[in-house]
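Please look through the sequence and the model below before reading on.

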Amino acid sequence: MKEEQKKLTIDNEAFLRELFGDFDENKKHIKNILGVDFVLRENELVLIGDKKNLVLGEQLVNTLLKVKEQGESLTRQKIDYIMNLLLEGSPNTSDILNVDTILVTHKGKPLKAKTLGQKNYLNVIKDKDLTFGIGPAGTGKTYLAVAMAYKAFKEQLVNRIILTRPAVEAGESLGFLPGDLKDKVDPYLRPLYDSLYDMMGQEKFMKYMERGVIEVAPLAYMRGRTLNNAFIILDEAQNTTQEQMKMFMTRLGIGSKAVVTGDITQVDLPRGKFSGLKNAIDVLKGIDDIGFCYLTDKDVVRHQLVQKIIKAYEQHDMHN
């Protein structure tokens with residue numbers, strides 16, 4: 001096909017630097033994926049490619065410019081995500097720009113959804129009293145749920161936050177481990193602590209823990225309780241038994257909201273035990289007041305290699 005050119009006037013030097021990347025790494029990457037090259041001529045960005053690819057290239061540049069104007073960096077992950085949306089012909093590319101800040105962390109960092117899947121997940125949590133967030137590692141299932149819990153607490157929609165997960169590796173009773181309850185379960189609940197530290201800072205977190213406003217406990221300690229006016233998160237739910245899952249969901253009290261997160265491809269239960277998360281998906285899928293949100297490798301927000309690893313395992317499982 002005949003190469004054509006498209007000239008864009010862009011008066012944003014910081015954007016252009018990030019668009020090209022160090023040693024033109026982003027420029028080369030975009031050309032490899034979209035088939036569009038670009039050069040700077042005075043104050044104009046000139047796109048070079050065939051007619052179809054120039055359309056995609058212009059959409060990419062305009063979308064990334066808006067991303068930059070919103071105060072975000074043009075990471076390789078962000079560039080790849082938007083290119084993938086364009087290549088798939090997604091009509092919702094601009095939707096990723098219309099994302100509300102959930103909250104601002106104690107370090108002043110605005111926390112937002114980074115993918116359309118995450119945006120949908122947050123909307124489901126907002127609309128439903130019980131939400132299942134299902135997807136692979138790195139998709140932000142737990143982190144975003146914790147952010148929504150803290151937001152609800154700050155807005156006085158709930159009185160406390162309860163975080164729980166099954167400590168499968170430690171056995172059902174946890175009794176054989178040395179130390180008190182906190183010593184025994186801390187290693188299994190550490191990811192939940194880390195999320196809250198990141199959002200509110202360690203000092204505030206410890207203050208809320210002492211007051212009982214935040215509770216982090218193993219799933220076994222939820223039995224027999226009714227949890228009113230609370231935002232409850234069950235993490236790693238693929239490792240619950242059917243009985244544990246039913247027990248957890250029937251703890252939900254008046255004025256409460258719950259989010260259940262898990263990855264059904266990472267079940268660590270002993271042989272012969274069926275995942276309570278898989279069972280709940282089958283049993284509850286017809287109830288309108290319960291939301292199910294499925295995140296995919298496209299929503300991975302960790303190192304870009306994680307996305308490739310997840311895809312490789314999925315392809316391997318399909319052929320075996």
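**Charged pairs, a sheet and rings**

Glu88 and Lys298 are joined by a salt bridge, in which the closest N and O atoms are 2.8 Å apart. Glu88 sits in the loop between helix 4 (76–87) and strand 4 (103–104), while Lys298 sits in the loop between strand 11 and helix 11 (304–318). The pair therefore ties together parts that are 210 residues apart in sequence. The model is a predicted one. Glu88 has a relative accessible area of 47%, so this residue counts as partly exposed. Lys298 is partly exposed as well, because its relative accessible area is 42%.

The count of salt bridges comes to 10. Another of them joins the side chains of Glu18 and Lys68, with 2.4 Å from N to O. Glu18 belongs to helix 1 and Lys68 to helix 3 (residues 51–69), and the two residues are 50 residues apart. With a relative accessible area of 23%, Glu18 is partly exposed; the cut-off for buried is under 20%.

A further salt bridge is found between the side chains of Asp37 and Lys27, at 3.7 Å from N to O. Here Asp37 comes from strand 2 and Lys27 from helix 2 (residues 25–34), 10 residues apart. Are Asp37 and Lys27 buried or exposed? Both of these residues are buried. Together with Lys31, they are linked in a network of salt bridges.

Three strands make up an open sheet, in the order 1-3-2, with antiparallel pairing. Why is one side of strand 1 and of strand 2 left without a neighbour in the sheet? Strand 1 (4–9) and strand 2 (37–41) stand at the edges and have a single partner strand each, so one side of each has no neighbour there. From one strand to the next, the twist averages 25°. Five bridges pair strand 2 with strand 3 (residues 44–49) in the antiparallel sense. Leu40 stands opposite Leu45, a residue of strand 3. Helix 1 (residues 13–20) lies across strand 2 and strand 3, and runs at about 145° to strand 2.

The next topic is aromatic rings. A pair of such rings is described by the distance of the centres and the angle of the planes. The count of aromatic pairs comes to six. In one of them, the ring centres of Phe132 and Phe292 are 5.0 Å apart and the planes are at 10°, so this pair is stacked; the cut-off for stacked is under 30 degrees. Phe132 lies in strand 6 (residues 130–134) and Phe292 in strand 11 (residues 290–294), so the pair ties together parts that are 160 residues apart in sequence. Phe132 counts as buried because its relative accessibility is 0%. Phe292 is partly exposed, with a relative accessible area of 22%. Elsewhere, Tyr193, Tyr197 and Phe205 form one aromatic cluster.

The last stop is a polar side chain. Gln118 is part of helix 5 (residues 116–127). Its relative accessibility is 3%, so Gln118 counts as buried. Which backbone oxygen lies 2.8 Å from a polar atom of the Gln118 side chain? The oxygen is that of Thr139. Leaving aside neighbours within four places in sequence, the residues in contact with Gln118 include Thr139, Gly140, Leu144 and Leu295.

Conventions
Residues are numbered from 1 along each chain as its sequence is written. This is a predicted model: local features need pLDDT of at least 70, side-chain atom pairs count only at pLDDT 80 or more; totals for chains, interfaces and linings use all residues. Side-chain values use heavy atoms; hydrogens and water are left out. Two strands pair if DSSP finds at least two bridges between them. Helices (H or I, at least four residues) and strands (E, at least two) are DSSP runs, numbered from the N terminus. Axes are lines fitted to C-alpha atoms, for helices over the stretch in contact, and angles run from 0 to 180 degrees between N-to-C directions. Contact means heavy atoms within 4.5 Å. Rings of Phe, Tyr and Trp (its six-membered ring) pair if their centres lie within 6.5 Å; planes under 30 degrees apart count as stacked, over 60 as edge-to-face and the rest as tilted. Buried means under 20% relative accessible area, exposed over 50%, partly exposed in between (1.4 Å probe, protein chains only). A polar contact is a pair of N or O atoms within 3.5 Å; within protein, one must be able to donate a hydrogen and the other to accept it, and residues adjacent in sequence count only if both atoms are side-chain atoms. A salt bridge is a side-chain nitrogen of Lys or Arg within 4 Å of a carboxyl oxygen of Asp or Glu.
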